[in-house]
Amino acid sequence: MTREPRTLSRRAFLGTAAAGVGAAVALDRAPALAQAKELSFLTVASFVPDTDKELKRQFEEWGAKNKVKVRLDIIAHLQLQTKKAAEVQSRSGHDLTALGPGLGDADLYFDYLADLNDVAGDVAPKNGGWLNSDDYLIRGKWKLLPWWQPPFPMAVRTDLLEKIGEKAPDTWEDVLRIGKKGKALGNPFGTAIGHSGDANVTLLSILWSYGGSYVAKDGKTITINSKETRAAMEFVKRLYTEAMDPEVVAWDDASNNRCLNAGKCIAIHNPISAYESAKKDKVVVPGTQTEIASVIDHVHTPKGPVDRKATTGFWCVGVWNFSKNIDLAKDFLRYHFQPENQNKWVEAGHGFNMPFLTSLTKHTVYKSDKQYRFIPEVAKVTVPPSWPGPTTAASQQVWDLYIIPDMFAQYATGKMTLDQAIAWGEKEMQEIYAGRRRKQ
Amino acid sequence: MSRRGRAWRSVFTLYLPVAPFVFFALFPLYFMVVTSLKTNAELYDPTTVPFLIKRGVTFGHYQLLSNDTLFWSWFINSLLVSVGATVISVILGILAAYPLARLKFFGGDSFGVAIFITYLVPPSLLFLPLTTVVNRLGLSDSLWSLIVTYPTFLVPFCTWLLMGYFRTVPREIEECAMLDGCNRVQTLVRILLPVAVPGVICAALFAFTLSWNEFLYALVFVSPAELKTMTVGVFSELIRGDIYYWGGLMAGACIGSLPIVIAYVFFLDYYVSGLTAGAVK
């Protein structure tokens, strides 16, 4: 005799199982009422681990003083975009968050960030004022505090310069000449021309140095189609074909560091991270016992025929307006931005993390090693990536989509003519800016 | 043919033809191991052969993982999450696959296809709405958030695979059991499942592998360092700005491969028969 399946008992089983899982989940955490006040901070891993340790120390010290439980979560910078998007989507997560690279997050997440006008006002006078405060205001408000930047000097191999009878480069034309001679010896110049932050930085620096820009001061007019852009692109084509290896179009942010530390590149345009890791790992010049770090020097970011300008990753910090602890978060920011805490934090970072505060650009750490001597100088000529236009969600998108590197690469590699590449870049930028205007 | 002749024959008909595929499959693993045992100075040196260790073996990268990171906590977390999600998913998969494979009811076929389509929805689309769900359930920043969400992509896969396997088991065996007095649940547990062990193990292996390798949900739903899984923890700690700790990353990848390798070594036969079930009827 066959029996009908007992559907009821199966459902009862499933119900019991579901209830069991629910109970287990519920028992895993304490009731909300019993939980102490907690402030959480999401940040990105610094290349100098001591920086994170110092931040954690300050955070815990502040937490102990204020009887607040604190939690510092550190992720790789490449993970930050995903994490931010998820937190905004669910309107929950951390109270404080790192933002960037770039100030554009303030515009992208304008409706989700708490106003920090009061904190910015409190912090500035104690630290000699903000470097360029107008740059950091988004739609007239402080939606984030610019936190730190890694300025981009030019790292050069002094032994190779000596070998080819050259001095450290001061202009982009010098870089081209040195790169050509270096390439002939198997030591080319190296800068990414692909989808990487370094490519954005270096190519924008060259564009400005030749007098070009991609958006006007009004933040609306696309200005990329100009004779200055043409001059910059012609220069980069020569740099690519005569002074670099073709692999640079596939480089990521770490590639130029590797190239310098492997003893291959004669020069790279990069923060001091490559030098610091070469020093730590005691990497030697191939075929010798000479440490690479001892034959690296850092000089000013090069100037072009018109200007000397650079940009970098503008790392910022903000407070989500869906946080339940906005006042506590602001209080911690005031604490962290106190001069003594900033001093210790910059010291821990060996100067890699330069704050956007005037007095800290004169920190003693920049005199502690001759390699750091030009960092404050580079910071003085460092502008936001949208310069001379304001930082907007559209400018952030131009950065995030690597429009500038793609435009330069398409001409440099011969995929497009000069006019085609500029027309392509112009169209992309116009669509991005028009799209953002429609959303507002 | 003599024994020696057979051996030579198998060299040419079996081992040599297979060798390129074995090389292709094992090369990444070999490169990982070699890189994890090289000094940083050698890793950076372009004049050395990247596939060989010339300047001595170092265990420094493994020490870095063990001493300077929470690697072993991440390893345990990955294990807990993968085992938990796999057990839940296989049980649910069995319960879903059985009626879809055996019972005839309105919409059964469409339901089966719908489950398959669910499997095709990429996690990169699902993580944003799932974040809201996880937060509302109060599960964020706990391993439960992963144990509960991983089945969203594991259950459809297990169900689909087990449906195919269950269909290869002769229906008559179950009918005999029912004649002897078993109900549906008893038939499933006492008759079908013992016969379908290869299929279940295959589903479990796949589910475990997918959970073990998962990155996106683990990144988004869990933030505290001590609760991270291995995939996220290693990435977070060993990529610092434009400095990649290649030796440490490869050491993490080597250790991370071990549970999967061990699982497949033990259950390879089941795995193959589970996958190929239904190929020949």
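Mentor: Begin with chain A, in which 53% of the 440 residues count as buried. Keep in mind that this is a predicted model. Chain A has 18 helices and nine strands, and its C-alpha atoms fill a box of roughly 90 × 60 × 50 Å along the principal axes.

Trainee: Among contacts in chain A between residues at least 6 apart in sequence, what percentage joins residues at least 24 apart?

Mentor: That share is 75%.

Trainee: How do I read the sides of a helix, say H5 of chain A?

Mentor: Take the buried residues, those with 20 or more other C-beta atoms within 10 Å of their own, and look at their directions from the helix axis. In H5(A), residues 117–126, the buried ones include A:Val119, A:Ala120 and A:Val123. These three lie on the same side of H5(A) because they cover an arc of only 95° around the axis. A:Asp118, A:Gly121 and A:Pro125 are exposed on the other side.

Trainee: What covers the buried residues of H5(A)?

Mentor: The cover includes strand S4 (145–148) and helix H13 (326–336), both of chain A. Just after H5(A), look at the backbone of A:Gly128, where phi is positive, about 75°.

Trainee: How do I read the contact of the two chains?

Mentor: List the residues on each side: chain A gives 43 and chain B gives 34. On the chain B side, the elements that each supply at least two residues include helices H2 (40–44), H6 (123–136) and H9 (171–179), as well as strands S1 (239–240) and S2 (243–244). The largest share of that side, five residues, is from H6(B). By type, the side of chain B that touches chain A has 18 nonpolar, 11 polar and five charged residues.

Trainee: Which residues of H6(B) are buried, and what covers them?

Mentor: The buried residues are B:Phe127, B:Leu130, B:Thr131, B:Val134 and B:Asn135. Their cover includes helix H3 (80–90) of chain A, along with helix H7 (143–149) and H12 of chain B. Just after H6(B), B:Gly138 has a positive phi of about 70°.

Key
Residues are numbered from 1 along each chain as its sequence is written. Chains are lettered from A and ligands numbered from 1 in the order in which they are written. This is a predicted model: local features need pLDDT of at least 70, side-chain atom pairs count only at pLDDT 80 or more; totals for chains, interfaces and linings use all residues. Two residues are in contact if their C-beta atoms, placed from the backbone, lie within 7 Å. Helices (H or I, at least four residues) and strands (E, at least two) are DSSP runs, numbered from the N terminus. Ala, Val, Leu, Ile, Met, Phe, Trp, Tyr, Cys and Pro count as nonpolar, Asp, Glu, Lys and Arg as charged, and the others, Gly among them, as polar. A residue is buried if 20 or more other C-beta atoms lie within 10 Å of its own, exposed if 12 or fewer, and partly exposed in between; C-beta atoms are placed from the backbone.
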